[in-house]
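Please read the points below with the sequence and the model open side by side. They are meant for someone who is meeting this structure for the first time.

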Amino acid sequence: MGKRAAAIVGQTEWEPKREWDVPMFSMEASAQLASEVIADAGFEKGEIDGLVMNPIAESPMFGPSALAEYLGIQSNFNEVVDLGGSTPAGMVWRAAAAIEVGACESVLVLCPAVPPPRPTAQGKAKRGRARLTAYLGGDSWGSPQGQFEIPSGLVAATPSFAMIASRYREQYDVQPETLAKVAVEQRFNANAHPTAIFRDKPITIDDVLTSRMIADPIRLLELVMPCFGGGALLLTTAERAKRSPHRPVFVSGHGEHLTHKSVTYMPDMLDTPTRKAADRAFKMAGVSRGAIDIASIYDCFTITVLLTIEDAGFCKKGQGGAFIEEHDLRFNGDWPLNTHGGQLGMGQAGLAGGLSHITEAVLQLQNRAGKRQVKNANLAYVNGTGGMMAEQVALILEGA
Amino acid sequence: MAKLASDGRPLPQPTPVTQAFFDAAQDQRLILPHCPREGYFFYPRSHCPCCLKRDWEWKPASGRGTVYAFTVDRMGHDPNLVNWVPYVVAAIELEEGPRMTANIVGCAPEDVRVGMPVEATYENVDDVTIIQFRLV
Ligand SMILES: [Zn+2]
């Protein structure tokens with residue numbers, strides 16, 4: 001049995017959408033998310049004494065004080081986390097650790113991912129649409145990326161993960177059908193999720209293999225749809241968690257590891273930071289890989305899932321393909337994976353995309369996952385991946 | 001903001017520490033930072049990433065290496081490069097050890113495989129020289 005000091009007691013998640021009809025500033029979205037997650041947990045706003053956020057445009061500096069003031073919260077723990085797609089998983093363990101050491105009692109984890117209003121000639125807000133940004137800030141003066149990566153076209157995320165996939169395929173000969181199976185079975189899960197962006201569209205392995213090649217060997221249906229959305233969690237002490245209306249979900253183990261920013265400088269492209277993050281998390285939680293009931297693994301691409309299954313220790317290096325072929329990854333299968341559809345099926349609502357893996361694990365452990373509910377779900381493995389397989393966070397979540 | 005060449009592609013903007021690397025490229029030479037204790041590293045930076053000391057020196061490299069990993073960008077993830085698709089983006093493992101990001105040019109993208117030997121080639125773009133690689 002691992003740590004039982006801090007528990008997730010509340011969640012809220014907005015439906016991912018390609019277009020967002022009512023633009024909101026991040027602080028406005030944060031206020032709405034906070035209101036919803038406090039209600040879900042059955043808490044009072046006055047009990048909140050901690051904030052964890054990602055950087056927001058309205059206050060690039062002094063973000064926590066800007067947000068605490070805006071929300072009217074007097075806060076004992078104030079944290080900005082900047083770990084790309086693993087930001088939400090990084091937020092959760094930081095909040096849990098702060099609670100465990102007694103720095104605070106009840107912490108909001110806030111992930112707004114909505115477009116801000118833009119002033120127009122008429123002074124009316126324009127509708128926003130999710131877009132990729134290629135350089136991700138790496139073209140700043142003095143940035144190594146601007147000098148040594150961007151001029152070669154190593155930008156955005158897909159080419160980096162495609163490079164990893166090229167090397168994996170060379171060393172281990174995984175078949176494209178095997179990676180496609182991940183997308184197909186997660187899509188099956190998304191078809192059972194009422195707010196997944198692809199809830200109405202099943203796909204086949206053939207669909208994946210005939211979809212457009214984006215960056216060899218990655219095809220269109222192996223990458224996520226950028227969306228808007230948002231989500232939040234509420235964490236509190238084990239003692240306070242007892243009066244929550246839902247089953248508390250303990251953060252019983254966590255680990256985080258990073259080694260690089262550009263994929264080129266990854267010490268070994270086939271040995272991801274997850275290996276060390278997951279080892280730490282499992283050791284802390286004192287549970288075995290075989291005891292995990294559901295896995296919620298960051299899936300920016302299918303290759304990310306394959307490597308994470310291996311490096312989190314669910315099978316040996318090089319056996320990820322066989323593992324995927326041997327197991328039914330659907331919510332009603334023998335190894336339920338990304339039962340919300342993953343971001344491949346749910347949509348990637350900015351940084352809230354990484355939160356969706358945590359939220360789904362919480363809903364499953366709380367027996368609130370509707371028709372995709374996994375029976376007797378008590379223990380979840382959650383993984384976050386940031387940047388170019390760079391920042392990786394492992395969480396072991398355990399129902400009380 | 002990235003500096004764009006007259007043909008639209010993004011160019012590196014050297015800093016005082018990295019200037020020598022780009023100057024050498026103009027003379028069709030690949031040079032690498034070399035630490036007396038830890039050996040070669042890449043990219044060039046103020047302190048050796050192994051020992052955080054500043055006493056490294058530039059040393060000439062062979063310009064030879066192998067393809068560690070690569071992709072063929074079919075859609076131009078950089079909007080400034082959409083006219084160049086398809087192009088090969090690769091991590092080259094240099095003979096001296098470190099890896100370097102570069103394009104592989106002078107062949108059909110379909111001909112590239114992981115592990116293939118490559119050598120440096122130099123392309124002048126405006127007042128900058130870009131180091132790329134070709135199959136050997
Ligand atoms: Zn050194």
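1. **Basis of the model.** This is a predicted model, in which local features need pLDDT of at least 70 and side-chain atom pairs count only at pLDDT 80 or more, while totals for chains, interfaces and linings use all residues. Residues are numbered from 1 along each chain as its sequence is written, chains are lettered from A and ligands numbered from 1 in the order in which they are written, and side-chain values use heavy atoms, with hydrogens and water left out.

2. **Extent of the interface.** Chain A brings 37 residues to the contact and chain B brings 37 residues, where contact means heavy atoms within 4.5 Å. The area buried between chain A and chain B is about 3100 Å², and carbon and sulfur atoms give 60% of that area; buried area is the accessible area (1.4 Å probe) that two parts lose on being put together, summed over both. Of the area that chain A buries against chain B, 19% is supplied by A:Gln147, A:Phe148 and A:Ser152, more than by any other three residues.

3. The rule finds 1 salt bridge across the interface of chain A and chain B, a salt bridge being a side-chain nitrogen of Lys or Arg within 4 Å of a carboxyl oxygen of Asp or Glu. B:Arg74 forms a salt bridge with A:Asp216, and their closest N and O atoms are 2.8 Å apart. Across the interface of chain A and chain B there are also 17 residue pairs in polar contact, both residues at pLDDT 80 or more. A polar contact is a pair of N or O atoms within 3.5 Å; within protein, one must be able to donate a hydrogen and the other to accept it, and residues adjacent in sequence count only if both atoms are side-chain atoms.

4. **The chain A side.** On the side of chain A that touches chain B, the elements that give two or more residues are helix H4 (144-148), helix H5 (158-172) and strand S7 (213-215) of chain A, and H5(A) gives the most, with 7 residues. Helices (H or I, at least four residues) and strands (E, at least two) are DSSP runs, numbered from the N terminus. By class, this side of chain A has 21 nonpolar, 9 polar and 7 charged residues, where Ala, Val, Leu, Ile, Met, Phe, Trp, Tyr, Cys and Pro count as nonpolar, Asp, Glu, Lys and Arg as charged, and the others, Gly among them, as polar.

5. **Chain B as a whole.** Chain B has 1 helix and 10 strands, and from the N terminus on its elements run β-β-α-β-β-β-β-β-β-β-β. Its radius of gyration is 15 Å, close to the 14 Å that the globule rule gives for 136 residues, so chain B is as compact as a globular protein of that length; the radius is taken over C-alpha atoms, and the rule is 2.2 Å times the number of residues to the power 0.38. Of the 136 residues of chain B, 49% count as buried, where buried means under 20% relative accessible area, exposed over 50%, and partly exposed in between (1.4 Å probe, protein chains only).

6. **Salt bridges within the chains.** Over all chains the structure holds 25 salt bridges. A:Glu47 forms one with A:Arg240, the closest N and O atoms being 3.9 Å apart. A:Glu47 lies in the loop between helix H1 (26-41) and strand S3 (50-53) of chain A and A:Arg240 in helix H8 (residues 238-241) of chain A, so the pair ties together parts that are 193 residues apart in sequence. A:Glu47 is buried, at 18% relative accessible area, whereas A:Arg240 is partly exposed, at 23%. In chain B, B:Arg64 forms a salt bridge with B:Glu95, with the closest N and O atoms 3.1 Å apart.

7. **Two places in chain A.** In helix H2 (residues 63-71) of chain A the buried residues include A:Leu67 and A:Leu71, and the buried residues of H2(A) pack against H1, S3, strand S4 (77-80) and strand S5 (106-113) of chain A. A:Gln364 is in helix H13 (residues 352-365) of chain A and counts as buried, at 1% relative accessibility. A polar atom of the A:Gln364 side chain lies 3.1 Å from the backbone oxygen of A:Arg372.
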